[in-house]
Amino acid sequence: MKGLLTKDFLTIRKKYGITRLVVDIAIMVALMLVLEGKGALFISFLLIPLEIMSIIITLATCDEQWRWGKYAISLPVSKKQIVSSRYGLAVLISVVGLVVALIVNTISFFCFPTYAYGFYLFIAFSSFAITLLFIALILPSNYSLGVNAGFVIMLVLLCVILVLGFWSNKNENAISMFVVDNFELCIGLAALTVIVTCILSYVLSVFFFKKKYA
């Protein structure tokens with residue numbers, strides 16, 4: 001399984017490289033300078049999930065182009081382990097996204113203290129939960145219908161974020177106020193939703209992969 005993770009990391013390095021990293025940092029700096037306090041919101045809820053979903057889609061695209069699945073099943077690993085390695089990588093990348101979100105939100109708090117620091121921490125961990133949720137929806141689509149289905153799911157999810165963001169902004173931050181007023185309930189429901197969705201996602205992905213290469 002370590003070899004499967006290494007293969008994915010090498011693919012990411014080849015497809016993205018230092019140039020993509022520099023571009024991402026430049027975009028984050030620009031958002032922070034232009035949007036000030038709200039820049040952290042866009043980075044946490046839009047840029048980070050988008051980049052991580054893009055990586056997962058890229059890996060699925062490479063797998064299809066290289067016919068990786070047919071080769072992988074000939075390796076001394078089970079089909080379940082093959083799927084598990086992709087989920088493991090997704091979790092690792094999401095953790096990196098969480099670290100980035102924490103750094104960005106901490107910088108935003110000190111430079112543009114629009115909200116209390118606890119709110120910025122909440123944003124960072126919410127970004128982590130949203131990223132896991134989105135990946136959990138994309139991966140089964142990739143394994144069942146192919147990379148195009150996963151790409152469509154990604155676009156739909158991004159549209160949902162944008163619509164909810166604009167709606168909340170026009171209604172005096174309705175979503176943020178609801179979360180503040182019902183904090184414990186929202187945290188519990190969010191955690192339960194992410195956990196259940198991720199478990200179902202993994203089970204479905206294993207099923208679809210085994211069915212595809214039966």
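**View 1. Helix H1 (residues 2-15) packs with helix H5 (residues 79-111) at an angle of about 50°, their axes 9 Å apart.** Helices here are DSSP runs (H or I, at least four residues) numbered from the N terminus, and axes are lines fitted to C-alpha atoms over the stretch in contact, with angles running from 0 to 180 degrees between N-to-C directions. The angle makes H1 oblique to H5, since angles under 35 degrees count as roughly parallel, over 145 as roughly antiparallel, 65 to 115 as roughly perpendicular and the rest as oblique. This is a predicted model, in which local features need pLDDT of at least 70 and side-chain atom pairs count only at pLDDT 80 or more, while totals for chains, interfaces and linings use all residues. Residues are numbered from 1 along each chain as its sequence is written, and side-chain values use heavy atoms, with hydrogens and water left out.

**View 2. Helix H3 (residues 39-65) and helix H6 (residues 117-145) pack at about 25°, with axes 9 Å apart.** That angle makes H3 roughly parallel to H6. Residues that meet include Phe45, Ile48 and Pro49 from H3, and Tyr120, Ile130 and Phe134 from H6.

**View 3. Cysteine 111 and cysteine 198 are both partly exposed.** The relative accessible area is 48% for cysteine 111 and 24% for cysteine 198, where buried means under 20%, exposed over 50% and partly exposed in between, with a 1.4 Å probe and protein chains only. The structure holds 0 disulfides, a disulfide being a pair of cysteine sulfur atoms within 2.5 Å.

Technical notes: Helices (H or I, at least four residues) and strands (E, at least two) are DSSP runs, numbered from the N terminus. Contact means heavy atoms within 4.5 Å.
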